[in-house]
Amino acid sequence: MKRVVKILAMMGLLSSCSHLSVTKDLLTPDYLLAKGTVQVTFQGDNEHPRFSPDGTKLVYSSSGRQNHKGSQIYEMDLTRNKERRVTYSDGDAFDPDYVSDSEIIYASTTDEIKESPFINKNFDRNYPPSDLYMSDRFGSEILRLTQQPGFDAEPVFVSHPTKPFILFTANHGDLLGIDRMDLKNLAVSPVSATADKERRFPAITPDHKQIIYVEKDKKTQEQSLVLFTIRNKKSEVLKSGEGTYRDLAFAPRTPNRLFYSILRKGEKQYQLETYDLEDKCTQVVFKGVDSLAGPAVSDDSRERIAFTRNFQGKKQIYVVYLPDDLGPCLETKNSSPAIPVTPPTPPVQPKEPAPQTTPTVTVPSPQASVSPALKAAEPTSTATSAN
């Protein structure tokens, strides 16, 4: 009996911590063998790919090249399979995104380091002193967008007929949060920032009504995915305690599907996942023995996904058709199975004592009376536990 109790207790412990290994044995399609898979880059370390609006090009950052060690912006023509360097910055250029088919935005450390060489001599590599820039696809016409000392990066362009804007991560002093820039007048306003939380990697829904970002509690170091509604400025936690999130990006087409890279607790490599806001369904896109990061989805009827694969210390970009079937929702897989409860056995009614008889007179037995039926106890409802 004690052994059974121990086993049940262990089962309860595992179910309460099942998020630690919820994708451990999950099989996903092999993107290297999928039909139509293309390795886009072959030199240096390449990160943060983004599709052009028409889906024919890919912009990304690349470092460790023969001609430059720092990070610069490149563009790949996917129809001609031809790569072209865009920026020739003195500092690092990174986090590119398209504004249109002919313009891009990105972050660069060039001016920040020049303007404050002594202050920025030993900077935090996670938050390098940087500003946002806009240029044409050839890097010839450049406009500096931000000029405040600190970290301005991870920009997301939001198209609008009259009020286009940029969401980006800003770290000024001890406050790491999400800012917004109006591209009509370059005015910057805070979207979400508090002293006890760090917020970064903004992404916006296709209808431009909600923002999702990664939030880290400075005290506990726990990360969450937070949904922020622009109109009422209310926020809610969508997911928390799963691991380390990064590289958030929405698919351009409905339904509202967020793609991201995550290093789950109990895993050794980052993997690509997607979360459907309406169905509240998390699915693994790709995972394997190599870390995968920087997902971006094309605006095509048959969607493609671009991402970075870290293989043997080098980061290369791949483009793959998004699988039609991504398997079950992790929320279903992570739910503990119901434990059946055996209904209690109905109590046995004690027998009535037999009537007394005398040795001389035989008393005829009275007509047998039917005892009322025992009322069975109602079975207990099946218990279900869920993480």
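Let's start with the sulfur bridge between Cys281 and Cys329: the torsion about its S-S bond is about -100°, so this disulfide is left-handed. The two sulfur atoms sit 2.0 Å apart, and the structure, which is a predicted model, holds one disulfide. If you trace the chain, you'll see that the bridge links distant parts of it, with the two cysteines 48 residues apart. Cys281 belongs to strand β21, which covers residues 281-286, while Cys329 lies in the loop between β24 (314-321) and α3 (330-333).

Are the two partners buried or exposed? Cys281 has a relative accessible area of 6%, and because the cut-off for buried is under 20%, Cys281 counts as buried. Cys329 comes out at 23%, so it is partly exposed.

Now step back and take in the whole chain. There are three helices and 24 strands, so expect to follow a lot of strands as you turn the model around. Of the 387 residues, 45% are buried. The chain exposes about 22300 Å², and carbon and sulfur atoms supply 53% of that area. Take the contacts between residues at least 6 apart in sequence: 41% of them join residues at least 24 apart.

How far can you trust what you see? The mean pLDDT of the chain is 84, and 78% of its residues reach 70 or more. Two stretches call for caution. Over residues 1-19 the pLDDT is below 50, and this stretch has ten contacts in the model beyond near neighbours in sequence. Over residues 357-387 the pLDDT is also below 50, and here the model has 25 such contacts.

Next, look inside. In soluble globular proteins, nonpolar side chains tend to be buried together. In this model, the largest nonpolar core has 17 residues. Which residues have the most contacts inside it? They are Ile105, Leu145 and Ile166. Several strands give two or more residues to this core: β7 (103-108), β8 (131-136), β10 (151-158), β11 (165-172) and β12 (175-182). A second, separate core has 15 residues, including Phe201, Ile212, Phe250 and Tyr275.

Start with β10: eight of its eight residues are buried, so β10 is largely enclosed by the rest of the structure. β10 and β11 form a hairpin with six residues between them, and they pair in the antiparallel sense over six bridges. You can check the pairing residue by residue: Phe151 stands opposite Asn171 in β11, and Asp152 stands opposite Ala170 in β11.

From β11 the chain goes on to β12. These two strands also pair in the antiparallel sense, over eight bridges. Asn171, which stands opposite Phe151, also stands opposite Leu176 in β12. The hairpin of β11 and β12 has two residues between the strands, and in this hairpin Gly173 takes a positive phi near 75°.

Most residues other than glycine have a negative phi, and most peptide bonds are trans. Where does this model depart from that pattern? Asp95 has a positive phi near 55° without being a glycine. Asp95 sits in strand β6, residues 93-98, and it is buried, with a relative accessible area of 12%. You'll find Lys233 in the loop between β16 (223-229) and β17 (234-240), and it counts as exposed at 64% relative accessibility.

One last stop is a peptide bond. Thr254 and Pro255 are joined by a cis peptide bond, with omega about 0°. Pro255 has its place in the loop between β18 (243-250) and β19 (257-264).

Terms used:
Residues are numbered from 1 along each chain as its sequence is written. This is a predicted model: local features need pLDDT of at least 70, side-chain atom pairs count only at pLDDT 80 or more; totals for chains, interfaces and linings use all residues. Side-chain values use heavy atoms; hydrogens and water are left out. A disulfide is a pair of cysteine sulfur atoms within 2.5 Å. Helices (H or I, at least four residues) and strands (E, at least two) are DSSP runs, numbered from the N terminus. Buried means under 20% relative accessible area, exposed over 50%, partly exposed in between (1.4 Å probe, protein chains only). pLDDT is the predictor's confidence in each residue, from 0 to 100. Contact means heavy atoms within 4.5 Å. A nonpolar core is a set of buried Ala, Val, Leu, Ile, Met, Phe, Trp, Tyr and Cys residues joined through side-chain atoms within 4.5 Å. Two strands pair if DSSP finds at least two bridges between them. Accessible areas come from the Shrake-Rupley method with a 1.4 Å probe; for residues, only the protein chains shown count as cover.
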